[in-house]
Amino acid sequence: MALPINYPLDMQRVIAHSPSIGASVVPAYTTAPFRGQIAKFGVVTGGAITTANATVTVAVNGTTIGTLTVTFSGAAAGQVFTSAPTTYALSQVNEDDAISFTPAGASGASIPGTFFAVILAS
């Protein structure tokens with residue numbers, strides 16, 4: 001039997017959902033639960049985007065902290081794409097800061113995506 005993995009108490013994953021990351025994109029939003037740093041962000045696709053890659057801009061209170069690319073080559077539901085912030089200073093969050101995920105550039109109707117950000121408390 002596998003042993004459970006113990007995650008640190010100072011780390012939390014926040015979730016946001018978009019009903020469309022392909023054509024007619026819908027941005028997704030969530031908030032930071034405490035003061036800390038975004039260490040990683042990503043998306044789990046709910047379908048196959050077509051024709052072109054999706055570029056997701058991740059921002060904290062409207063300031064871009066990095067981008068994420070969702071590839072259409074071999075695309076399918078349930079794929080995970082991750083990335084990290086481009087600079088340490090921009091990845092800092094305070095409690096209740098807005099974190100947004102804005103997809104662009106892909107096609108495919110009504111392809112949902114569930115976004116996440118991993119936040120380490122400071």
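Before you click: residues count from 1 along each chain as written, and side-chain values use heavy atoms, leaving out hydrogens and water. Because the model is predicted, local features need pLDDT of at least 70 and side-chain atom pairs 80 or more, while totals for chains, interfaces and linings use all residues.

**Whole chain.** Start with a cartoon view: you'll find 0 helices and 9 strands (DSSP runs numbered from the N terminus; helices are H or I with at least four residues, strands E with at least two). The C-alpha trace spans about 45 × 40 × 20 Å along its principal axes.

**Buried residues.** Colour by burial next (buried is under 20% relative accessible area, exposed over 50%, partly exposed in between, with a 1.4 Å probe and protein chains only). Buried residues are 37% of the 122.

**Largest nonpolar core.** Such a core is a set of buried Ala, Val, Leu, Ile, Met, Phe, Trp, Tyr and Cys joined through side-chain atoms within 4.5 Å. Select Ile38, Phe41, Ile99, Phe101, Phe115 and Ile119, which touch the most other members among its 26 residues. Then show strands S1 (11-18), S3 (36-45), S4 (54-60), S5 (63-70), S8 (98-104) and S9 (113-121), each giving two or more residues to this core. S4 gives the largest share, 4 residues.

**Last stop, Ile38.** What does Ile38 contact beyond its neighbours within four places in sequence? Select Val60, Ile65, Pro85, Ser91, Val93, Ile99, Ala117, Val118 and Ile119 to see them.

Note on methods: Contact means heavy atoms within 4.5 Å.
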